[in-house]
Amino acid sequence: MTEQELLLRAKLPGADTGIEIKHSVCDICTPGPQCGINAYIKDGEIVKIEGMPGFPGSGGVLCTKGAANRQYVYRKERIKTPLKRVGERGSRDFVPISWDEAYDIIEENLSNIRKQYGPESVVWFTGYTKWIRPWLRRLCHSFGGHNYMTESSTCFRAGRMANETIFGRDARGDVMGAPHLMVGWGSNPFINAYPMGRGFVKSKEAGTKIIIVDVRHTQAAEKLADLFLQPNIGTDAVLAHAIANIIIQNGWQDQEFIDSYVHGFDDYRKMVSQYDLETAEKITGVPARDIFTAADWIAHIKPTQIGTNNGIAHHTNGFNTHRAIMCLNLITGNYDKPGTTLPVYDTFCDMGSGFDTHEEEFMEETRTPKTLPQIGEERFPLWNLMTGDAQAMDLTRQLLEGTPYKLHALCAFGMNTMMFPETPLFRKALKTLDFMMATDLVWTDACSYADIVLPVCSSLERSEVKCYPGGFFYYTNPAIEPLYESRNDVEIMTELARRLCPEDKVLCSGYHECIKYMFREMTDEIEKGHETGLPVRSSHFRPYIPGTYLKNGPSTPSGKLELYSELIAGIDPSYGLDPLPSFYNADRKSCKNPVSADSGADNTCIDYNDISSPGCGTNSSGCGINSNLYNDCGSFTLMTGARLPHTIHSRGHKVPWLRSLRPDPMVDINPSDATRLGIAQEDRVRLFNDTGEISVLANVTEVANKGDLHLIHGYEEANATDLIPWDHTDPYSGFPGYKQVRVFIEKAD
Amino acid sequence: MDKYAVIGIGCAGYNAVKSMRENGFIGEIHIYSDVSHPSANPMLTTYYVSGRLPREGMFPFGSLEKLVKDYNVILHTDTRVRHVNASEKQLVLEDGSSEVFDKILIAAGARAVSPPLGQKPKGRCFLMRSVEDADRLKQVLEQENISSAAVVGASMTGIKVTELLAEKNISVTMIDMADRLFPLACMKETADILEKDLTGRGIRLLLRTGVDHVEENGNDISTFLTDGSCVSTDILVLCIGTRANTELAANTEVLEKEPVLINRGIVVDEHMQTSVPGIFAAGDCCEALNIQTGSTMIIGLWANAAEQGRIAGCCMAADCNENSLPDTPPADGSPSSALCSALPAYKGSIPNNITHYFDQTFVGIGDPNLTGERFTAFNKSGMVSAIHDGRNIKCINILGNYRISGMVKDYLIKRITGQGAFMAVADMGLLRNSGVPEEFIQLLKN
Amino acid sequence: MSYKINFYADLCVACGACSVACMDQNDIDTEKGDQPYRRAYQTDYTDSGEKHIGYFSASCRHCDDAPCIAACPSGCLFKDPETGFTVYDTTNCIGCRSCSMACPHGAPAVASTGKMAKCYGCNERVKAGLKPACVAVCPFGALKLEEA
């Protein structure tokens, strides 16, 4: 090769090669990390991606997914033009149309439906990406509706709600405050949030002790844990209560803190007292001595930071489990002090950055009084009360049943049908719509159900504002022109606003003006930041000073930190929601093997009881949660959604580079279970229950506990949520029990 | 100033010269070659004939001018050495002239065997070893309309010749006395799979039968087989095997009537020195340690030749060499003890082959004719098969999953040489990740 | 000067960012079955009776005495004297896989082009003062470019 060819192969930027570096941002994952990108551009095309050195949080590196941005942007399935459905709903029979024609059709349909059935009959949904949420929420309100719902109906919001019932605000760990003990509960920060992982590593290097609690043997367990607890799936609350019980029985609680700031201690103490070590070991499968050690450390090491991640809330008892864990912070006085758990103050797009914006005002000021209940409100009142949004997990039911009222239109900005449990039923529900529009980067299953499909561009093709902890904001410029005829989502919303609610002058003014409206105290900084296209630390940054929040009194109903939630106590008792973070069994009551059901064999799982029932803990064959159950009835506990590093939800599955890292959908199974069932590595297996069936390959590994199976979601050819009943939901949050589903597994022929 | 001679400039000769210079030898190096072209690799000839390589591609070390320039050597091309007078370290050339050296390296290589056919390979009969062989076959394929060919020898060369002919839509008949393909590397069960694959591609395979004689009639050559049958084709290519060029040493006149020890090849010790001090041998003409059997044998592989050449060159360049020579070579003919512990030693090798043809890759490590238990596993990465006795692995065959071959060979050698008790977790994981069945990993590990 | 891309297993979680960065840098066509020059993987093992999971990232080690160089029948592989990386010119590569047979680390592969492909240390980037793509991307510092 010539010197020039070598330089080109190396993609070195410079005049020789004609390659220049442009700054942008990765928008593949959730807004948390979203790392700065250096895009190597040649002739208007991305030839290489690298992390942006010195970027807040990322420090210039990228994760597995982010490294694939080039292929993510140039994916073959990109939607190229606006499309109009000409075939059956659910088919891929579409024809290209112009943007004007597409807008006309959307406007006509939505106007008519609003006129005929009222604005509530139109649903506004947004999945990924999340940068558009303030705009869509306002658009829904300005349109006159209230049925704005997001992917957060199944993601992080339940955890946040749980925190809000306890602390009055969302909570975060203060890693910078040098905790002496960190408890990562259901936390594997190496995967999907590497800056957080690096925080853990740094703390460990500085001498912080670390407890990892996880149902899987994760990277965090291996690399971080001084103590690793691996409970049975869905029993984390019992573990938390047992720890609390040990602390209280031994008088190790921070009584002074409790007396000053905590509400409901007596009721809580009574509740946790039923979880002695023996009971807890039996239910959780965690050795009693490890539970005791955890309690000892949590009680005596200060400051301690006990945190959880989203997965905890993805059980049908997830909301209370999350509360049970976070309540340990209260009884040990580990809150609002350096190195403990701190309150969160949002800046923009669910990110706290240490300065204020008018985002809330922007989203809420056009909201009109409700005339009808929001979607999900009748089944999950706490959700609607706390979030103000509709709960997407009741959409399937309301579409199919038409109660309390019929829904006629759906505007879906980045919808993934596989997010909805019992996906085939959801697809059926989508067919009941009179009108549906969908926007997406690439063709998805949801697009097939839409009447109009609009192509949107990626983060590298647009301009947007991101905020980061430490007072940073980043106003990007496009690294390349939008591909094909794609436009950015907010452009589309702006046009819809001009046609459907022209009186909303702010929304009609476009993205940049809306940003200036929300960041109105810092427009000079915003303009300048936009011009440079580099991250800026705002002069408005005011770091949070621990202690401030408690001093001013928590914004809970009682004005204290609540072990007993007065907010929940205010919910109609007929919903049966417990103000205390009580444990209940989240497993399905029974499951019949649909294959051998006719054989007459009794293959029904033991209908185990909650632990207060007589006989529990004594019946060696039946009681206990999960453990040993599979031996009795042959079923396994499937946990869907355990992360792989190279994908988030379905977003990496069709990016060839990422897909190549694991070409086939695989279920993790413990070697002893695999041996018992005659399953070898990469054997094809069937997973099935009375809701559905999928076929995947076996990955035999100690990552999975005996009796457990783990499968990442979002594969079109092996959709994990096909196995989850549509109503397998948490009554507090409405969240699906993604992480705990009873299934059978067998080797396929 | 010392003066060294190198006979033959193949892979071993080239690497020896390179190594001499890299190890500080500044004296004269005389290279004797009976051809005029640079170091060629016999393995590349079929690729040249197939058109995948240009002619100069057969010479991996570049031109002779480059050799002279890089290593300051004195070239004697088209010069055949008649014999080596070991007592005087004297080369006698074909023209009768002679020259005395301080040390001599015999790196004369091997030549293709043309069995007693009653005629030399000429006309419609071809060999496949030398550049000249390749030129001849390429010429006939380009100039004539060849539609059928017989290939004698189901060897690594034979299969590559078969492949290149088949790809030119020539109907090929492969003939071998052995009962299987690759008889020195391939287990019977593996061969069955490969043979089925070959016949599926339209290759006619005649095993367990040798060539009796050949008759050429105009544009047609008839190969009469020992089983009484006859195959008539447009051309015949003989890929029967090679023989080490040992004659130089065989003719050697040695002081006290002790000749340079020769079995099938010239026997050398771990420093590539022959039984006569100061005379070294390396590459396809010599036998070196087979660590599986503990005795010497010819393992004619490019990588071995390179390594042996490197070691010979280094040992020849070393000052301590002369002083630490053993007084007399061991009488039993086994390789002599170390010249000097500081010198590099050839660690020995085991027979190993990797052959890629059509879309098949065959890997053979060790001796397939040893007895023992069989382990075989198929998966989507291919096949692995082993002959073992529970403790020792005698032979491994791999189909498809070529990428693990080096790791597998390395662990097999480590086990044979007693360093194999432990397998690094990283390597175990990489083998698993490469689709190697768990049972095979355990076999390799234990 | 001679460099090595050193791997620190204690910092690795086998996330595969290194593999993807390699694909991006080298335009690896995985749809044709080509693999990146660096592979990340995890594996179960036991140590003193305890169950563990090991995380690794493996590639060419750029051995000082690289056996692939001697094994290549076409002389495609050689050392870059400036960086010490084992680099190659595959113009005359015949795809024979002798390099694979020689390599104890499973590094060389034959790409869909029929030619050998393996890590070359991002040789030109390193000469230009940049890090190899895998080193630059690694979120946990498990890969480091260091002078040998």
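I began with helix H6 of chain B (residues 188–200), which has 13 residues and reaches 18 Å from its first C-alpha to its last, close to the 18 Å expected at 1.5 Å a residue. The expected span is 1.5 Å times one less than the number of residues. Helices (H or I, at least four residues) and strands (E, at least two) are DSSP runs, numbered from the N terminus.

Before going on, I noted that this is a predicted model, in which local features need pLDDT of at least 70 and side-chain atom pairs count only at pLDDT 80 or more, while totals for chains, interfaces and linings use all residues. Residues are numbered from 1 along each chain as its sequence is written, chains are lettered from A and ligands numbered from 1 in the order in which they are written, and side-chain values use heavy atoms, with hydrogens and water left out.

**Entry 1: the faces of H6(B)**

Which residues of H6(B) are buried? I found B:Thr190, B:Ala191, B:Leu194, B:Glu195 and B:Leu198. They fall within an arc of 130° seen down the helix axis, so they line one face of H6(B); the arc is that of the directions from the axis to the C-beta atoms. An α-helix has 3.6 residues a turn, so residues three or four places apart point the same way. On the face turned away from the buried side I noted the exposed residues B:Lys196 and B:Gly200. My cut-offs: buried is under 20% relative accessible area, exposed is over 50%, and partly exposed is in between (1.4 Å probe, protein chains only). After H6(B) comes B:Gly202, with a positive phi near 90°.

**Entry 2: the largest cavity**

I searched the whole structure and got 17 cavities of 30 Å³ or more. The largest has a volume of about 160 Å³. A cavity here is a set of points on a 1 Å grid over the protein atoms alone where a 1.4 Å probe fits but cannot get out, and lining residues have an atom within 4 Å of a point. The volume is the space filled by probe spheres set on the points, which are joined across faces, edges and corners.

Of the 20 lining residues of the largest cavity, A:Thr129, A:Leu441, A:Cys457, A:Arg462 and A:Arg651 are the closest to its centre. Helix H2 (69–73) and strand E16 (435–440) of chain A are the elements that give two or more residues to this lining, and H2(A) has the largest share, with three. Where does the cavity lie? Domain 1 (3–73) and domain 2 (83–156 + 349–536) of chain A both contribute lining residues, so it lies between them; the bounds come from an automatic or database domain assignment.

A:Thr129 lies in the loop between strand E6 (122–126) and helix H4 (133–143) of chain A. Another cis bond joins A:Lys302 and A:Pro303, with omega about -5°.

I also looked up positive phi values in residues other than glycine. A:Ala178 has phi near 55° and is partly exposed, at 45% relative accessible area. C:Asp27 has phi near 50° and is partly exposed too, at 44%; I placed C:Asp27 in the loop between helix H1 (17–26) and strand E2 (39–47) of chain C.

Note on methods:
On a 1 Å grid over the protein atoms alone, a cavity is a set of points where a 1.4 Å probe fits but cannot get out, and a pocket is an open set with protein on both sides within 12 Å along at least five of seven lines; lining residues have an atom within 4 Å of a point.
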